[in-house]
Amino acid sequence: GDYVTVHSVVGWAGRCLSQIDKAGGGRAFPASLNEARVWKQLAQAAGKTYGVGAVVLTHGECDASNQAYGSGLFLFWSDYNTDIKALTGQSSDVVLLASQQSASATGVAGSAVQLWKASVEHPEQILCVGPKYQYQYGPDRLHMPATGYVRLGEKYAEVFDLVVNQKRAWKPLQPRKVSRSGAKITVDFDVPNPPLVWDKHLQPPHQQTRTQWAAGKGFEVTGQNKSPLTIASVAIEGDSVVIMLSVDPGATQVVVGYALTQDGGGTQAGTVQGLSGLLRDSDPFVGADAEALQIDVVQG
């Protein structure tokens, strides 16, 4: 049925998870509960019921190298879920919607991968809506301008509608299986909106440095001692991506990554030197800021 939505922002700039969670004793956690308490009072005064559908977390740069970030996120969700349900009296769990930070390269142990792993381990509680490298960023290559945050908000809203309103199970575009036969690596994906495609608007990474992966379209393969293995080609086959290495690495352990390594130093979000890749699904969703412009060009 119809309902009124209310939204609040209780962020605390530059703080790590240990400062914004319940155990840290900072102001963000109690402030958000206090706002929920106020909204409940306003709803009751208007003759309405009140409940919380989701907590949205746009975070991770401060915890970029925190290897316990995933377990911390689950505790973060658990505390919010327990305290909000006690406050509102709702029976349904609160969902944690979160996006991966795409500004700091910290590899497989970093917060971006930790968030994704937490969503795989707790699929009904934590939802990784995706990375943020595809959005517009500001001059600091760390924060987005208003237009970037609007589009990120629309992505959060799309997933919220599917999961909370429509009660549908949802998974992001994510790998679910990887196998190798010689020089051929096959990565199978969950694809929320098939088919898989290569994005035509983003520039491919690793064209000037780490050129062993120049043909990878964002995929990275390492072998013994984390040395880069040269990618000869990548191709989409149904819900899979087939990576062909230039040489069979033999019996050595091979690790496949995606958008884990940046070419430039410092924060490079939104640039071709940063964490990025070209693989995407075919989501038909069009944001509210899409518009057609009539342009007349006159010589001189």
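Modeller: Contact here means heavy atoms within 4.5 Å. By that rule, and not counting residues up to four places away in sequence, Val52 touches Ile84, Thr88, Gln90 and Val94. This is a predicted model, where local features need pLDDT of at least 70, side-chain atom pairs count only at pLDDT 80 or more, and totals for chains, interfaces and linings use all residues. Residues are numbered from 1 along each chain as its sequence is written, and side-chain values use heavy atoms, with hydrogens and water left out.

Val52 sits in the loop between α2 (28–45) and β1. Helices (H or I, at least four residues) and strands (E, at least two) are DSSP runs, numbered from the N terminus. Val52 counts as buried because its relative accessible area is 15%. The cut-offs are under 20% for buried, over 50% for exposed and partly exposed in between, with a 1.4 Å probe and protein chains only. Ala36 is 16 residues from Val52 in sequence, yet 8.0 Å away in space, C-alpha to C-alpha.

Asp63 lies between β1 (54–58) and α3 (69–88). Asp63 is buried and has no salt bridge. A salt bridge needs a side-chain nitrogen of Lys or Arg within 4 Å of a carboxyl oxygen of Asp or Glu. Arg15, the nearest side chain of opposite charge, is 11 Å away. Lys and Arg count as positive, Asp and Glu as negative; His and the chain ends are not counted. Leaving aside neighbours within four places in sequence, Asp63 contacts Cys16, Leu17, Tyr69 and Ser111.

Last, a contrast: Leu293 is in the segment after β11 (279–280). Leu293 counts as exposed because its relative accessibility is 63%.
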